[in-house]
Amino acid sequence: MLPHHGRYAYHPWPERPRHAWPGGARLAVYLGVNLEHFAFGEGLGAELAPGGPQPDVLNHAWRDYGNRVGGWRLIELLDRLSLPATVLLNSAMYDHAPQLVAAHRARGDEMAGHGRTNSERQSSLPEAEERRLIAESTAAIARHEGRPPRGWLSPWIAESRATPDLLAAAGYRYTLNWCMDDQPIWMATAAGRLLAIPYPQEVNDIPAIAVRRDGAEQFAAMVLADFEERLDQVGRDGIPQVMGIALHPYIIGQPYRLRALRGALAAIAARRDAVWITTAGAIFDHVASLPEGMVP
């Protein structure tokens, strides 16, 4: 036998139980808006162009555009279409751009943990330091929002072997790190169950645009094709699905990309009669309310 993580078992897709999301929908859609801050002159960071020696002003300034401009334009778009969001929040944003976080709070958006900063990767830390990273990020969100976050996405989706155990022990109820399914899946941890909610690695502007160099229209077409195909699938087989759309304001907040995205999100918003447009936290609440055995 090959080494196995032991977190969940294999469940063939055709054998999944049929249940409905609120309102009778079979497709749940949520937007994951990544609010991220990066250290200047050191650490990790996505690149618009190959970086030179530090300080890499070109790429640092490109990323900071999202917090100064792009994030505000994205909020305007979400408001226009009445779309909720799950904010994947670096806790460093409370010091760097508190007004942007407050604007999402005023919308009623869900705040989920996303580490301290995307300049670091928790999978490379000793366990005690990783536990401290989770604790510091969690405490900052609890202090500013009045409650701790229930969901977590690791910076760079990087995990150690202990991460699910540490998250569950810290009080987290769901993780977005494990992108192995189209349904939420219960994972085993040393501290009890943790729900893995699908977070996209394909319908995600970083791998699509920053890595594969897809254009704005390509990304928007990808979002819409994913949505339409899923609607067809749930209509045929009745197996409920979750569709996530991952957005980073420094990428998708560029005007020409935002213009393309607007059309795709408007088409999704126009199908509210057929889908449940929601947050990752609301997906957790619904799954947690289902009878035992309805979710693998």
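Let's start with the largest pocket: its volume is about 340 Å³. A pocket here is an open set of points on a 1 Å grid over the protein atoms alone, where a 1.4 Å probe fits, with protein on both sides within 12 Å along at least five of seven lines. The volume is the space filled by probe spheres set on the points. There are 14 lining residues, and the closest to the centre are Gly-108, Asp-109, Glu-110, Met-111 and Arg-147. Lining means an atom within 4 Å of a point. β3, α4 and α10 each supply at least two lining residues.

This is a predicted model, with local features needing pLDDT of at least 70 and side-chain atom pairs 80 or more, while totals for chains, interfaces and linings use all residues. Numbering runs from 1 along each chain, and side-chain values use heavy atoms, without hydrogens or water.

Next, Asp-205. It lies in helix α6, residues 205-211. What does the Asp-205 side chain join by a polar contact? His-248, at 2.6 Å. The cut-off for such a pair of N or O atoms, donor and acceptor, is 3.5 Å.

Last, Gln-183, in the loop between β5 and β6. It counts as buried because its relative accessibility is 5%. Its side chain reaches the backbone oxygen of Pro-240 at 2.9 Å. Gln-183 also contacts (heavy atoms within 4.5 Å) residues including Trp-13, Arg-16 and Pro-296. Pro-296 is 113 residues away in sequence, yet 8.7 Å away C-alpha to C-alpha.

Conventions:
Helices (H or I, at least four residues) and strands (E, at least two) are DSSP runs, numbered from the N terminus. Buried means under 20% relative accessible area, exposed over 50%, partly exposed in between (1.4 Å probe, protein chains only). Lists of a residue's contacts leave out its neighbours within four places in sequence.
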